[in-house]
Amino acid sequence: MHTLKIKDLTVSVENKTILKNFNLEIKSGEIHAIMGPNGTGKSTLSKVIMGDSNYKVEKGNIYFDDKEINNMPTDERARLGLFLGYQMPPEIEGVSNADFLRAAIHNKDENFKLYDFIKKINTNVEQLSMDKQMIHRGINEGFSGGERKKNEILQMYMLEPNTIILDEIDSGLDVDSLRVVGENVMKYYEKEKPAILLITHYQRLLDYIKPDYVHIMKEGAIVKTGDKNLVSEIEKYGYDDKKLGTNVVEEN
Amino acid sequence: MNKIILENDKIKKEELDESIKYDLFTNDTFGISSLTLEITKDTSLEIDYDFKEMTKIETIIVVNKNVNLQLFEKITGTNAKKRTKYYLKENSKVKISKFNNIEEIKEYTIINLDEKHAVIEYNLKTISEHDENYDILTYHNASETISKINPNGVNIKDGKLKFNVSSFVPKKIVKCDASQNNKIINLTNNECIINPNLYIDEYDVTANHSAWIGTFKSDELFYLMSRGISKTDAIKLLIKGFLTNKMDIAEEEKELIKNTVDNYWR
């Protein structure tokens, strides 16, 4: 059982405050979805959890299994089992997916066996309906939006994280790719029971990945929490404060 | 594959078939050894230069009409002054993949696209740990010729890396494509310089150049580290990718370049 806890977190970038006293706790086996308008700090949250040095933690803490990880380097957080599925994963020319994943697994487990690695990557590539040649191509080099997202899920399968943050993993996906991604996230969830934090704009991803909790985020904080029925309200009313009862009170 | 191995300015070994004619002589006036190669049929060639002591050498490569050449050039050793001249005839196509791992070098490369439809792609990769100076001059001497010049280097330790890259298209030489993509990853506080020059005297030409000096992008590093790869290993991975990217060479040769990187960053 693992717990990711974010307590009273205030974060800024270039002197602009993005997250304001943000609080959230996620345990293994729980699926949380965060929804909210553009520019409200959802992607910032995902980067801050992974330790992106471009963001400054002004106050508050991030705990993993009760251990404060505010100053822990990104790679160490990942080796604890945290995984971020990117909205726009970068293209890295020349570094093949295979070399990249081999390095990632080697950093996690020095005794890994190459044969097992090849077997595992081939199985997962097939399961995700990916082109086998892509593992020898540069990371996301010339990949379509759908291929990039599938590549993120492939990495999730290979690294077997216990806490997964998926930042708009549904953006840019056609219906078939959305189904493959959604079903594979759930397949992994059924097997490993990780904690999942989904950041999304749309209900369509939640047709595949069923959240236990839905949070509405506005102006850097969670303003309302509910169950999956809250998604229907958002679909119906948008992010209308009056109808959703999500007025943000400015601190003096 | 055809192969020539040189130690300093002497040929140590050669395995060449009938597609390549060669000669090595010393220019009496300047005392510089000159290796001349004429490529008469489609082929691939590897030239390994190992400069165990300060060496001055000139290489002249003539690629005949309608001939494709795939060239892999490797330079190792201590110190050299090297001049290379390419002469490309009509409809000849040359792709050069070049890896330098030498302590110091001054290299002067002249590419002559002498006849119509001659095409060259020049990919230089170097690990610079002392002074390295590259002048690469491309002359579009005929219409409808194409040059893609891509000098890439990683600057480390006491390295001072300089690329002077110039492409020339004179008047009345039309429908040429001249591009340069110069990049230096500078992992020191030393000064590195790129001078990307386009001397174009004709309107009907496509030309572009780029020059980039800096470290790796922070989002690339963050992405690799977010998968549990340590910062050192992430940088090594990026260097290996940078030095093998676009290199049209065998996997074993790519492994050799990657092992060289491992040796520097143990």
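**Entry 1: domains of chain B**

I looked up the domain assignment of chain B, which gives domain 1 (2-215) and domain 2 (216-266). I keep in mind that this is a predicted model. Taken over C-alpha atoms, the centres of domain 1 and domain 2 of chain B are 24 Å apart. I then checked the contact: domain 1 of chain B puts in 15 residues and domain 2 of chain B puts in 12 residues.

Which strands supply the domain 1 side? I found strand E7 (68-88), strand E8 (93-113), strand E9 (119-128) and strand E11 (146-155) of chain B, each with at least two residues. E8(B) gives the most to that side, four residues. I sorted the domain 1 side by class and got six nonpolar, seven polar and two charged residues.

**Entry 2: chain A against chain B**

Next I turned to the contact of the two chains. Chain A brings 23 residues and chain B brings 20 residues. On the chain A side, I noted helix H2 (74-80), strand E7 (92-96), helix H3 (97-108) and helix H5 (145-159), each with at least two residues. H3(A) has the largest share, six residues. By class, the side of chain A that touches chain B splits into 11 nonpolar, six polar and six charged residues.

**Entry 3: two helices of chain A**

I went back to H5(A) and looked at its packing with helix H6 (residues 175-192) of chain A. The angle is about 10°, and the axes lie 10 Å apart. Angles under 35 degrees count as roughly parallel, so H5(A) is roughly parallel to H6(A).

I listed the residues in this contact. H5(A) uses Gly146(A), Lys149(A), Lys150(A), Ile153(A), Met156(A) and Tyr157(A). H6(A) answers with Ser177(A), Val180(A), Val181(A), Asn184(A), Val185(A) and Tyr188(A). The classes in this contact are seven nonpolar, three polar and two charged residues.

**Entry 4: a sheet in chain A**

Last, I traced a sheet. Six strands of chain A form an open sheet with mixed pairing, in the order E6-E9-E10-E3-E11-E12. Which strands are at the edges? I noted strand E6 (82-85) and strand E12 (221-226) of chain A, each pairing on one side only. Neighbouring strands of this sheet are turned by 20° against each other on average, direction ignored.

I then picked one pair inside the sheet. Strand E3 (residues 31-35) and strand E10 (residues 195-199) of chain A run parallel, joined by four bridges.

Terms used. Residues are numbered from 1 along each chain as its sequence is written. Chains are lettered from A and ligands numbered from 1 in the order in which they are written. This is a predicted model: local features need pLDDT of at least 70, side-chain atom pairs count only at pLDDT 80 or more; totals for chains, interfaces and linings use all residues. Two strands pair if DSSP finds at least two bridges between them. Axes are lines fitted to C-alpha atoms, for helices over the stretch in contact, and angles run from 0 to 180 degrees between N-to-C directions. Two residues are in contact if their C-beta atoms, placed from the backbone, lie within 7 Å. Ala, Val, Leu, Ile, Met, Phe, Trp, Tyr, Cys and Pro count as nonpolar, Asp, Glu, Lys and Arg as charged, and the others, Gly among them, as polar. Domain bounds come from an automatic or database domain assignment. Angles under 35 degrees count as roughly parallel, over 145 as roughly antiparallel, 65 to 115 as roughly perpendicular and the rest as oblique.
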